[in-house]
Amino acid sequence: MTDRTLTTLYRNGRVFTADADPEATWATAFAVTGETIDWVGADDAAPAADRTVDLQGRLVLPGITDAHTHLLMMGAALGQVYVTDARDLDGILRLLVEAREAQPDATVLRGRGWLFDAVPGGAPTAAMIDAVIADIPVYLDANDYHSCWVNTAALAELGITRDTPDPIGGEIVRDADGEPTGLLLETAATQYAWAQRDEATTDADRDEHVERTIDAYLATGVAGVVDMAFDEFGLAALKRAQERRGGELPLRVAAHWLITNTGDDAANLAQVERAAKLAAEPATPWLRVVGIKLILDGVIDACTAAMRQPYADGSNADPIWPLERLAPVVAAADAAGLQIAQHAIGDYASQLALDALEQAVAVNGDRPRRHRIEHLEYAAPGTAERMARLGVTASMQPVHSDPAIFENWAEMLGDDRVDRAFPWPEYEDAGALLAFSTDSPTAPHQALANLYVASTRASALDPTVPAVHPQYALPLERAVAHATRDAAASVGDGDWRGRIAPGYAADLAVLDADVFAEGASSLLRARVIETIVAGRTVYAA
C-alpha cells in the first residue's frame with residue numbers, strides 16, 4: 001500500500017499540467033503525498049519533502065485516459081494474427097499461412113485488422129481463405145471490428161447456412177444463389193462469430209487477456225480507461241484481476257454496459273436495469289460501471305453506418321436502433337442516472353442519438369447529466385452546436401482518421417462529405433467537451449501515436465503517406481489536454497484526476513523526449529519511461 005504520510009518532490013522537469021489557464025499550463029516541479037498531488041510550481045519555490053526525485057529535464061504529462069476502449073478484446077487481439085499491414089489479399093493470406101505453420105496443432109486460427117480496400121472489390125469470401133487454410137476454422141475481425149470474415153470451416157462450426165436468418169441490425173452476406181459468402185456484418189458478427197468465441201474462451205484465457213492489456217497500457221502512459229462494451233465476462237475478469245491485487249488495479253477502469261437491441265422493449269429495458277444495479281454497487285477508484293453503451297449504426301468503410309444521404313454506390317444502412325426502440329432505453333437510463341454513450345458514425349445515427357437524448361430530457365426534466373456520442377466520423381453541420389447545448393461529450397478517435405486507412409472511407413462516401421471527416425475543431429469551437437481515445441483494438445492502443453495523428457493529421461501507421469485534412473489538426477497542447485483532462489472529465493472525473501494540480505490524483509507519465517520542444521514527429525519515437533498511478537510507479541522502462 002502507498003504510505004500516505006510521505007511526501008515526494010519531483011523537480012527539474014518540464015511539467016505539462018493540462019490546466020485550462022495558460023498561466024498555469026507549465027511547471028518544473030510538483031510534490032506528491034501518498035496518492036495525491038499536493039503542490040505544483042517552480043523548483044525554487046518547492047516545499048520540503050521526505051525524498052526528492054530529479055526528473056533530469058524530462059517531460060511529465062498527466063496520466064492519459066483512453067476514453068473509449070475494449071479491454072478483453074484488446075488483450076485477445078494482441079495475441080492474434082495482425083494483418084493490417086498487409087495491403088492486398090496475397091499479403092493477408094501469406095500472414096495466415098505463416099501463422100498456421102507456426103501453430104501446426106491449432107484447432108482454430110483468429111486474426112484481426114484486415115482492411116476492405118486490401119480485398120478484391122472489398123468483398124472477402126470464405127473461398128479466399130479456403131485456398132490456403134481449409135482444415136480448421138479461421139476467423140478474421142475487420143480493422144473496425146464491425147465485420148468478421150470466415151472460411152468454410154468456420155461457417156460450418158457456426159452452423160450458418162443459406163437458411164440462417166439475418167439478426168436485427170446485421171447481415172450474413174450471401175451470393176447470387178443465396179449461399180453465405182463468409183462475410184458477417186455488424187450484429188451477424190457479434191451474434192455468431194463473437195458468441196462462438198466467447199463460448200470457446202476460458203476464464204484463464206480472459207485473465208491472460210486482462211493482464212496483457214494492463215501491461216500494454218501502462219507501458220504507454222495510460223493511467224485510466226473507459227471500457228465501451230462491458231459485459232458479464234469483462235466484469236468477472238476485471239474483478240478477478242482486482243482480487244489478485246488485494247482489491248486494487250494498477251489503472252483505473254470505468255465501464256459502460258453494452259445494451260443490445262433485441263427488438264423487444266421489455267428485454268431491452270431489463271438490460272438497463274442490470275446496468276443500473278451494477279452502477280449502484282459500492283464503487284472504487286479502480287473498477288466501476290458508470291453507464292450504458294448503445295451501438296446505433298455500423299461503419300462507413302463497410303457502408304453500414306446510417307447516413308442521411310446514400311453512399312457513392314447508392315446504398316444506405318438502417319440504424320441498428322431505430323428511434324422507437326432507442327428512446328425508451330435512453331429515457332430509462334437517463335432516469336437511473338446512468339451515463340449514456342451512443343456509437344454514432346453516420347450523420348443519421350448522430351441525429352437519432354441527439355433526438356433520443358432530447359426526448360429523455362423532456363421526460364425526466366432538468367438534472368445533472370453528461371452523456372456522450374462515440375466516434376462522430378461524419379456528422380452534419382450543426383451537430384457540434386446541438387451537442388454543446390445538450391452538454392453531450394464528443395468522444396473521438398484520432399487514429400481512425402489515419403491517412404493510411406482513409407482512402408476506402410473516402411471512396412465509400414465519394415462526395416463533399418469527405419471534406420468534413422473527423423472535424424475536431426468544430427466541437428472545440430462549439431464549446432462541446434472533446435475527449436480523445438483509441439477504440440483499441442480497432443486501432444493501435446499507443447497513446448503517443450494517437451496524439452501524433454491528432455496534432456498532424458498525418459499517418460502513424462505509414463509516415464510516408466501525406467497528411468489528409470491538415471486544417472483539422474490541433475496544436476499539441478490541446479490534443480494532450482483532450483487525452484488527459486477532458487478524457488477524465490468525460491466520465492465525470494474531471495474534478496479529481498486528469499491534471500497535474502493540487503488535490504488531484506498522482507497519475508503521471510514521464511517521457512524520454514520533450515515532444516513539445518522537438519515537434520510532433522518526435523511522438524513516433526518517444527517512449528514512456530515511467531507511469532505513476534495513485535502515487536506509485538506501476539511501469540518503469
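L96 touches V81, L109, I129, I133, V138 and L140, leaving aside residues up to four places away in sequence; a touch, or contact, means heavy atoms within 4.5 Å. The model is predicted: local features need pLDDT of at least 70 and side-chain atom pairs pLDDT 80 or more, while totals for chains, interfaces and linings use all residues. Residues are numbered from 1 along each chain as its sequence is written, and side-chain values use heavy atoms, without hydrogens and water.

**Nonpolar cores**
- L96, W114, L294 and I300 touch the most other members of the largest nonpolar core, which has 134 residues.
- Helix 10 supplies the largest share of this core, 7 residues.
- Another core, of 17 residues, lies apart from it and includes A126, C148, L184 and A188.
- A nonpolar core is a set of buried Ala, Val, Leu, Ile, Met, Phe, Trp, Tyr and Cys residues joined through side-chain atoms within 4.5 Å.
- Buried means under 20% relative accessible area, exposed over 50%, and partly exposed in between, with a 1.4 Å probe and protein chains only.

- Eight strands form an open sheet with parallel pairing, in the order 8-15-16-17-18-19-20-21.
- Strand 8 (64–69) and strand 21 (434–436) are at the edges with a single partner strand each, so one side of each has no neighbour in the sheet.
- On average, neighbouring strands of this sheet are turned by 25 degrees against each other, direction ignored.
- Strand 8 runs parallel to strand 15 (residues 222–230) and is joined to it by 4 bridges; I64 stands opposite V222 in strand 15.
- Strands pair if DSSP finds at least two bridges between them; helices (H or I, at least four residues) and strands (E, at least two) are DSSP runs, numbered from the N terminus.

**Helix 9**
- The 13 residues of helix 9 (residues 323–335) should span 18 Å at 1.5 Å a residue, and its end C-alpha atoms are 18 Å apart, which agrees; the expected span is 1.5 Å times one less than the number of residues.
- L326, A327, V329, V330, A331, A333 and D334 are buried in helix 9.
- Their cover includes strand 16, helix 8, strand 17, strand 18 (339–344) and helix 10 (347–364).
- G337 follows helix 9 and has a positive phi, near 80 degrees.

**Cysteines**
- The structure holds 0 disulfides, a disulfide being a pair of cysteine sulfur atoms within 2.5 Å.
- The sulfur of C303 is 19 Å from the closest cysteine sulfur, in C148, too far for a bond.
- C148 is buried at 1% relative accessible area, and C303 is buried at 12%.

Note on methods. Axes are lines fitted to C-alpha atoms, for helices over the stretch in contact, and angles run from 0 to 180 degrees between N-to-C directions.
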